[in-house]
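I opened this model to see how its parts pack together. My notes follow in the order I looked things up.

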Amino acid sequence: MLTLYITPGTCSRASHIALAESGLDYQVSLIRFAEGEQRSPAYLKVNPKGRVPALVTDKGVLTETVALLPYIAQLVPEKSLAPLDDPFLFAKMQAFNAYLSSTVHINHAHGRRGSRWADNAASHADMIAKVPQTMRDSFALIENDLVEGQFVLGETFSVADAYLFVMTGWLESDHVDMAEFPKVAAHYRRIEMRPAVQRVLAEEAAAKPAA
C-alpha cells in the first residue's frame, strides 16, 4: 500500500491524480499547511523538506512531483501513463514537467511564499505584483509551443497532463483569466472530467489528517 501525503489544491494533486489513474492501491494522509503540520516533528521524519507531496513506498520515501510522476507511471507500464518505450518522448514529458516545477510553480509561489527569497516587505509586494505577468507569460508559452494536441504529448494522456491541470487551476487565484488560453482551458475541462480526477477531488475533501 502506497501512502501519499497531500495538501488539497497544491502540487500534490498531480501525484494523487497519477495514483488514481494507475489503479494501484494507495491511501492519502492530509497535511494542513494552515496549521503548520508540514513543520511538525512527525511529518519532518517523513519529509525533512517540510513540503508535499511525499510518497511512502515499500523501499522508502520519495519526494518531488517531477520524481513521483514518472515513478508511478513506471510501476504500471501497462497503463501507458508515460511514453516509457520512447526515450525522446519520455524526455519531452520530463522537460515539460521540469518547466512546470522550476518556472511556473516558482512564479506562483512568489505571490505566497515571498519570505523564501526576501525579508523586506516591499520586496514581497513587488513579487506579488509581478505574479500575473509571469504566470501569463508562462502559460502563453504552454499555449503556443508546449501542448501539442488534446494532451501535452499529443493525443495520449500522460502524467504531464495531471501536472498541467493542477497549475492551470492556480491561474484564477493569480489573477489570470484561463480564457486567455483557449487550448489550455479546453485541456483543463477535458482533464477535469476524467473519473480519476473526480475521485481525487472527492478524496481530497474526505482526507483525514496524517497520524
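**Entry 1: helix α1.** I began with what the buried residues of α1 pack against: β1 (2–6), β2, β3 (54–57), α3 (65–75), α6 and α8 (195–206). Packing here rests on contact, meaning heavy atoms within 4.5 Å. Helices (H or I, at least four residues) and strands (E, at least two) are DSSP runs, numbered from the N terminus. This is a predicted model, where local features need pLDDT of at least 70, side-chain atom pairs count only at pLDDT 80 or more, and totals for chains, interfaces and linings use all residues. Residues are numbered from 1 along each chain as its sequence is written, and side-chain values use heavy atoms, with hydrogens and water left out.

I then checked how enclosed the helix is. Eleven of the eleven residues of α1 (residues 12–22) are buried, so the helix is largely enclosed by the rest of the structure. Buried means under 20% relative accessible area, exposed over 50%, and partly exposed in between (1.4 Å probe, protein chains only). The buried list includes R13, H16 and E21. Just after α1, G23 takes a positive phi of about 80°.

**Entry 2: S15.** Setting aside residues up to four places away in sequence, S15 touches L4, P53, T65, L68, L69 and I72.

**Entry 3: the cores.** Next I looked for nonpolar cores. Such a core is a set of buried Ala, Val, Leu, Ile, Met, Phe, Trp, Tyr and Cys residues joined through side-chain atoms within 4.5 Å. The largest one has 53 residues, and L100, V104, F139, I142 and L164 have the most contacts inside it. Helix α6 (residues 159–169) gives this core its largest share, eight residues. I followed F139 further. Leaving aside neighbours within four places in sequence, F139 is in contact with V104, L164, M167, T168, L171, F181 and V184. A second, separate core has six residues, among them Y5, Y43, V46 and A54.

**Entry 4: two loop residues.** Where does E37 lie? I found E37 in the loop between β2 (26–30) and α2 (41–46). Is E37 buried or exposed? E37 has a relative accessible area of 17%, so it is buried. Not counting residues up to four places away in sequence, E37 touches L30, I31, R32 and Y43.

Q150 sits in the loop between α5 (121–146) and α6. Q150 is partly exposed, with a relative accessible area of 38%. Beyond residues up to four places away in sequence, Q150 touches E155, H187 and R190. Q150 and I191 are 41 residues apart in sequence, and their C-alpha atoms are 9.8 Å apart in space.

**Entry 5: the whole chain.** I stepped back last. The protein chain has eight helices and four strands. Along the sequence they follow the pattern β-α-β-α-β-β-α-α-α-α-α-α. The radius of gyration is 17 Å, close to the 17 Å that the globule rule gives for 211 residues, so the chain is as compact as a globular protein of that length. That radius is taken over C-alpha atoms, and the rule is 2.2 Å times the number of residues to the power 0.38. The C-alpha atoms fill a box of roughly 50 × 45 × 30 Å, taken along the principal axes. Buried residues make up 47% of the 211 residues. Among contacts with a separation of 6 or more, 65% join residues 24 or more positions apart.
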